[in-house]
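Here's a quick briefing on the model you're about to see. Have a look at the sequence and the fold, then work through the points below.

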Amino acid sequence: MRAFVFPGQGAQTIGMGRELAEAYPAARAVFDEVDEALGESLSALIWEGDADTLTLTQNAQPALMATSIAAFRAMEAEGLTIANADFVAGHSLGEYSALCAAGSLTLADTAHLLRLRGQAMQEAVPVGVGAMAAILGLDFETVDRICREIGGDGVVQAANDNDPAQVVISGHKGAVEAAAEAMKAAGAKRALMLPVSAPFHSVLMQPAAAVMADALAGVDIQPPAVPLIANVRAEAVTEPGAIRRLLVEQVTGTVRWRESIATMAEGGVTEFWEIGAGKALSGMIKRIAKDVTVRNVGTPADVAALKG
């Protein structure tokens with residue numbers, strides 16, 4: 001069994017997807033359609049722009065999705081379709097890419113939703129108020145318990161359960177810093193403050209969740225061609241109403257990536273294809289399910305290798 005998985009924020013680089021667009025007309029058409037949907041040349045920013053501008057949440061989210069779907073369209077051009085997968089999943093914004101690839105969302109709707117999601121998440125909390133930190137060397141249960149014990153006036157919670165030894169925490173800056181120190185005292189190998197501009201996947205994102213609830217209510221969602229393993233439940237979902245609710249919950253909820261991969265591996269998935277920019281998910285997957293095969297699909301050479 002095989003799963004197609006799609007990366008989240010942090011994987012973006014200037015130039016991503018350009019070789020795919022040059023080699024495959026279907027991949028180029030993805031970038032053209034996203035440009036048209038957004039009313040601007042996002043592709044020019046991706047391929048020739050400034051890295052800091054690309055990293056802005058409102059740009060990075062649709063840009064990473066476009067790159068993932070361009071890679072997926074290149075696969076389709078070589079005869080590798082969604083029928084070659086048993087499940088799809090995506091890390092945070094990657095869940096939208098997964099739904100687009102599985103035919104649940106149109107490309108134009110996905111681009112609009114991610115532009116809005118990025119803007120809403122950035123505007124939910126003033127810059128400097130929130131923070132995130134990666135905790136290395138402690139399991140999710142320990143990190144979650146320490147976050148709950150910190151108390152005080154600030155919010156801090158486990159935001160991303162990435163793999164057995166990496167959990168990201170999110171919330172008010174002071175509370176995150178205090179929790180990070182407590183994690184080190186509890187035996188964490190490292191506690192790294194992350195260069196992000198907002199406390200993603202925390203209750204502080206509630207204003208963004210409200211924006212996305214309104215936006216998703218007006219978008220047609222079809223049943224995906226294969227089940228989605230949803231971030232916040234780590235279980236399969238195919239019903240459009242449930243997908244809509246879970247996409248809203250995802251804004252403030254924990255990304256349960258470790259459990260999502262384990263769910264698929266325990267269900268018989270032996271091969272994961274990471275489709276899009278970077279290889280961050282591949283490392284996580286290998287730490288979660290050591291016996292599975294992971295393949296990356298981000299360049300024409302990667303696509304060609306799939307046929308081997």
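Which residue stands opposite V5 in β2? A89 does, and the β1 and β2 strands pair in the parallel sense over four bridges. Keep in mind that this is a predicted model, where local features need pLDDT of at least 70, side-chain atom pairs count only at pLDDT 80 or more, and totals for chains, interfaces and linings use all residues. Residues are numbered from 1 along each chain as its sequence is written, and side-chain values use heavy atoms, with hydrogens and water left out.

**Strands**

- Helices (H or I, at least four residues) and strands (E, at least two) are DSSP runs, numbered from the N terminus, and two strands pair if DSSP finds at least two bridges between them.
- From β2, F87 and A89 point one way while V88 and G90 point the other way, and all are buried; buried means under 20% relative accessible area, exposed over 50%, and partly exposed in between (1.4 Å probe, protein chains only).
- Strand β4 (residues 156–163) is mostly covered, with eight of its eight residues buried.
- β4 runs antiparallel to strand β5 (residues 166–172), and six bridges join the two.
- Within that pairing, N160 stands opposite V168 in β5.
- The link from β4 to β5 is a hairpin through two residues.

**Aromatic rings**

- Rings of Phe, Tyr and Trp (its six-membered ring) pair if their centres lie within 6.5 Å; planes under 30 degrees apart count as stacked, over 60 as edge-to-face and the rest as tilted.
- By this rule there are three aromatic pairs.
- One of them is F4 with F72, an edge-to-face pair at 6.2 Å centre to centre and 70° between the planes.
- That pair links distant parts of the chain, since F4 sits in strand β1 (residues 2–6) and F72 in helix α5 (residues 57–77), 68 residues apart.
- Both F4 and F72 are buried.
- Ring pairs also bring in W273, giving a cluster of F4, F72 and W273.

- Q61 is in helix α5, and it counts as buried because its relative accessibility is 1%.
- The Q61 side chain makes a polar contact with the side chain of R117 at 2.7 Å.
- R115 is in helix α7 and counts as buried at 10% relative accessibility.
- The R115 side chain reaches the backbone oxygen of Q58 at 2.9 Å, and a 3.1 Å polar contact joins the side chains of R115 and N59.

- S92 is not a glycine, yet has a positive phi of about 60°.
- S92 lies in the loop between β2 (87–90) and α6 (94–101), and counts as buried at 12% relative accessibility.
- A234 is another residue other than glycine with a positive phi, near 55°.
- A234 is in the loop between β7 (228–229) and β8 (236–237), and is buried with a relative accessible area of 7%.

**Pockets**

- On a 1 Å grid over the protein atoms alone, a pocket is an open set of points where a 1.4 Å probe fits, with protein on both sides within 12 Å along at least five of seven lines; lining residues have an atom within 4 Å of a point.
- Grid points are joined across faces, edges and corners, and a volume is the space filled by probe spheres set on the points.
- The largest pocket has a volume of about 720 Å³.
- Its lining has 31 residues, and the closest to the centre are G8, Q9, G10, L194 and V196.
- Elements that each supply at least two residues to this lining include α5, α7 (107–123), β4 and β5.
- By class, the lining of the largest pocket has 15 nonpolar, 15 polar and one charged residues; Ala, Val, Leu, Ile, Met, Phe, Trp, Tyr, Cys and Pro count as nonpolar, Asp, Glu, Lys and Arg as charged, and the others, Gly among them, as polar.
- The second largest pocket holds about 210 Å³ of space.
- It is lined by 17 residues, with G276, A277, G278, G298 and T299 nearest its centre.

How values were computed
Polar contact = N/O pair within 3.5 Å; in protein donor to acceptor, adjacent residues only side chain to side chain.
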